[in-house]
Amino acid sequence: MIKTDALIIGAGPTGLFTAHQLKLIGLDCIIVDNLDKIGGQCIELYPDKPIYDIPAIPECTGEELTNNLINQLKPFNIKFHLSERVDEVKKNNSNWEVKTNKGTKFSTPNVIIAGGVGSFEPRKFSPKECEKFENKSILYSVKDKTIFKGKTVSIFGGGDSALDWAIELSKNSNVNLIHRRDEFRGAQHSVDKVHELNKNGKINLLTKFQLKMVNGTDKLESIEIESDDKEIKKLETDYILGFFGLIMQLGPIAEWGLNIDKKTVAVDTEKFETNQKGIYAVGDICTYPGKLKLILSGFHEGALAARACFKLARPNEKYRFEFTTSSKTIKNRLGVKE
Amino acid sequence: MPKITYIEHNGKNHTIEVANGLSVMEGAVQNNIPGIDADCGGSMACATCHVYVKEDWFNKLPKKEDGEEDMLDMAFEPKKNSRLSCQIMVSDELDGLEVNLPEKQV
């Protein structure tokens, strides 16, 4: 059981700045995020898109903003648990016990949900029959490529993941690469390589097809793919790989007894606390009268939630408001000399 | 104001007036029409405002910009007449537009 003053769910800009605010007032914190990297939507959805409404930064990309926030956290030693999703939040006396999908357990008086629109999960195939083969022969990521050796693998998607794995697995497996249109959005040299391998018979490229049906009782045996013109092809296959990017899902947050309306969590505007004492929601995931889904609003919400955390983490101390320009204590925490 | 009809996957119709300049997605979200999620808020980054546009209307709409087709790769059951509703801007010319909503967005 890991103890901390505050646990932040979500490593997007709001979660990062909230961590900064907590450390500044002398609290420790841990950040958990389901993505394998820091930055949330800024890094996953729009790393290259310019943002124009961050105060005092006329223009920056999602990636630049993330890097700046990480730099701002440099004086502090903040522990990140990436590629972990918080599954359970349960009350235990005055603390919350938090458990992730990897079994990590935390105990904390304060849980700050900075989860954006939820956690990023892979987009899945639509036929319902796919569920029973999921994580066995239908996969949305590759953890061990040796399982495909000598097998037939049907890869779906038109981006870099689909192209790269088709090229890689074509060395030791029979590869079908199936995509809904002729154009690919992946890197041009990968697209060229796939076409070349298709010509040499190393990759069976099928465009303008989508998955219609999967067949097999215990074991996946074959798939049926359908074209725009309703032409159906049956392919024998051992494995299916789907690469359709990530989607945001509210996920387990819905089960923690919070007031949720349209994927957002209701909070007050003093502490940004939910209907559960010690659980706060900040950034895009929270809602209150007048809420704006802007990064700058998330920063403000995080700053106030951090002060509220102080009361529960240090019940016997009094919080004192201080400026970074003048406070010696804060300068010590930041490691700057007078 | 132009009237836009949203047809849910179960066949339920919603015809509403949407102000010029709003997107078809915003029209749905502001009027609480179920079936359009719009997780990313209209920045063409999530494909959860996916709609099907009837063929005669589909050809009348301004063409897709770069990137929309890429996002549609990730939509739930994309078809030839798929569009992202955040990229369809409402104008007088679109009065009477009908869009069909997919079974789900994710």
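Strand S3 (residues 29-33) of chain A pairs with strand S6 (residues 79-82) of chain A in the parallel sense over 4 bridges, where pairing requires at least two DSSP bridges between the strands and strands are DSSP runs (E, at least two residues; helices H or I, at least four) numbered from the N terminus. In this pair, A:Asp33 stands opposite A:Leu82 of S6(A). The model is predicted: local features need pLDDT of at least 70, side-chain atom pairs count only at pLDDT 80 or more, and totals for chains, interfaces and linings use all residues. Residues are numbered from 1 along each chain as its sequence is written, and chains are lettered from A and ligands numbered from 1 in the order in which they are written.

S3(A) also pairs in the parallel sense with strand S2 (residues 6-9) of chain A, over 4 bridges; A:Leu7 has A:Ile30 as its bridge partner. Of the 5 residues of S3(A), 5 are buried (20 or more other C-beta atoms within 10 Å of the residue's own, C-beta atoms being placed from the backbone). A:Cys29, A:Ile31 and A:Asp33 lie on one side, A:Ile30 and A:Val32 on the other.

S2(A), H1(A) and S3(A) make a right-handed β-α-β unit (clockwise path from the first strand over the helix to the second, with the strands pointing away from the viewer). The axes of H1 (residues 13-24) and H6 (residues 295-313) of chain A come within 8 Å and cross at roughly 35 degrees (lines fitted to C-alpha atoms over the stretch in contact; angles from 0 to 180 degrees between N-to-C directions). Residues meeting across H1(A) and H6(A) include A:Phe17 and A:Gln21 in H1(A) and A:Gly302 and A:Ala306 in H6(A) (C-beta atoms, placed from the backbone, within 7 Å).

Key. Contact = placed C-beta atoms within 7 Å. Buried ≥ 20, exposed ≤ 12 C-beta atoms within 10 Å, placed from the backbone.
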